[in-house]
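I open this notebook to record what I looked up in one structure. The entries follow the order in which I consulted the coordinates.

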Amino acid sequence: MIKFYRQNDRFGEFSNFYPSPIIIDGLSYPTAEHLFQSYKTVYLLESSAIRLADSPKEAKRLGNECRLRSDWEQIKDKIMFDVLLCKFTQNTTLKNILISTSTDTLIEDAPYDYYW
């Protein structure tokens, strides 16, 4: 079992806050957190502000304050899967770290968010 939480921890690369740019439709998102949070809204100004946020913490704050798309609860798991798929396929180093975990169970050990 591999537990991770902070980006500086062992396997911290698995954190959504870890700096690893993801490019979607020609737009660059500094972290997986920026991309995930930007999908919460269909309003271009809100999603752009999230994408351009100075930090993943700020992106999360903006994502928690934006107008949620009406289907968010139904699609959020698939969105997270797709975001992580992009993160680990676009970055060979991260992909190899993930592969090195083999069949270990990966657990995000966030002390305040038990959903993910």
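Why are Arg 61 and Glu 58 separated by about one helical turn? I find that they are three residues apart in helix 3, which accounts for that spacing. I take helices as DSSP runs of H or I with at least four residues and strands as runs of E with at least two, numbered from the N terminus.

**Entry 1: basis.** I note that this is a predicted model, in which local features need pLDDT of at least 70, side-chain atom pairs count only at pLDDT 80 or more, and totals for chains, interfaces and linings use all residues. Residues are numbered from 1 along each chain as its sequence is written, and side-chain values use heavy atoms, with hydrogens and water left out.

**Entry 2: salt bridges.** I applied the rule that a side-chain nitrogen of Lys or Arg lies within 4 Å of a carboxyl oxygen of Asp or Glu. The count by this rule is six salt bridges. I looked up the pair Arg 61 and Glu 58, whose side chains meet in a salt bridge at 2.5 Å, N to O. Glu 58, Arg 61 and Glu 65 are linked in a network of salt bridges.

For accessibility I use relative accessible area: buried is under 20%, exposed is over 50%, and partly exposed is in between (1.4 Å probe, protein chains only). Arg 61 is partly exposed at 37%, and Glu 58 is partly exposed at 27%.

I then turned to Glu 46 and Arg 67, whose side chains form a salt bridge at 3.2 Å, N to O. This pair links distant parts of the chain, 21 residues apart: Glu 46 belongs to helix 2 (residues 44-51), and Arg 67 to the loop between helix 3 (56-65) and helix 4. Arg 67 has a relative accessible area of 46% and is partly exposed.

Arg 69 forms a salt bridge with Asp 71, with 2.7 Å between the closest N and O atoms. Arg 69 is partly exposed at 23%, and Asp 71 is partly exposed at 27%.

**Entry 3: the faces of helix 3.** I listed the buried residues of helix 3 as Pro 56, Ala 59, Leu 62 and Gly 63. Seen down the helix axis, they fall within an arc of 120°, so they line one face of helix 3. The arc is that of the directions from the helix axis to the C-beta atoms. These buried residues pack against helix 1 and helix 2, where contact means heavy atoms within 4.5 Å. The face turned away from the buried side carries the exposed residues Lys 57, Asn 64 and Glu 65.

**Entry 4: pockets.** I searched a 1 Å grid over the protein atoms alone; a pocket is an open set of points with protein on both sides within 12 Å along at least five of seven lines, and lining residues have an atom within 4 Å of a point. A volume is the space filled by probe spheres set on the points.

The largest pocket holds about 430 Å³ of space. Its lining has 23 residues, and Phe 17, Glu 33, Lys 60, Glu 108 and Asp 113 lie nearest its centre. Helix 1 (32-38) and helix 4 (72-90) are the elements that give two or more residues to this lining. Helix 4 gives the most, with four residues.

The second largest pocket has a volume of about 290 Å³. Its lining includes Phe 4, Met 80, Leu 98, Glu 108 and Trp 116. Helix 4 and strand 4 (106-108) each supply at least two residues of that lining.

**Entry 5: backbone and loops.** I checked phi angles, given that most residues other than glycine have a negative phi. Phe 11 has a positive phi of about 65°, lies in the loop between strand 1 (2-4) and strand 2 (22-24), and is buried at 14% relative accessibility. Ser 102 has a positive phi of about 55°, lies in the loop between helix 5 (92-100) and strand 4, and is exposed at 60%.

Glu 13 is also placed in the loop between strand 1 and strand 2. Leaving aside its neighbours within four places in sequence, I find Glu 13 in contact with Gln 7, Tyr 18, Lys 87, Phe 88, Leu 94 and Ile 97. Glu 13 and Asp 25 are twelve residues apart in sequence and 24 Å apart in space, C-alpha to C-alpha.

Technical notes: On a 1 Å grid over the protein atoms alone, a cavity is a set of points where a 1.4 Å probe fits but cannot get out, and a pocket is an open set with protein on both sides within 12 Å along at least five of seven lines; lining residues have an atom within 4 Å of a point.
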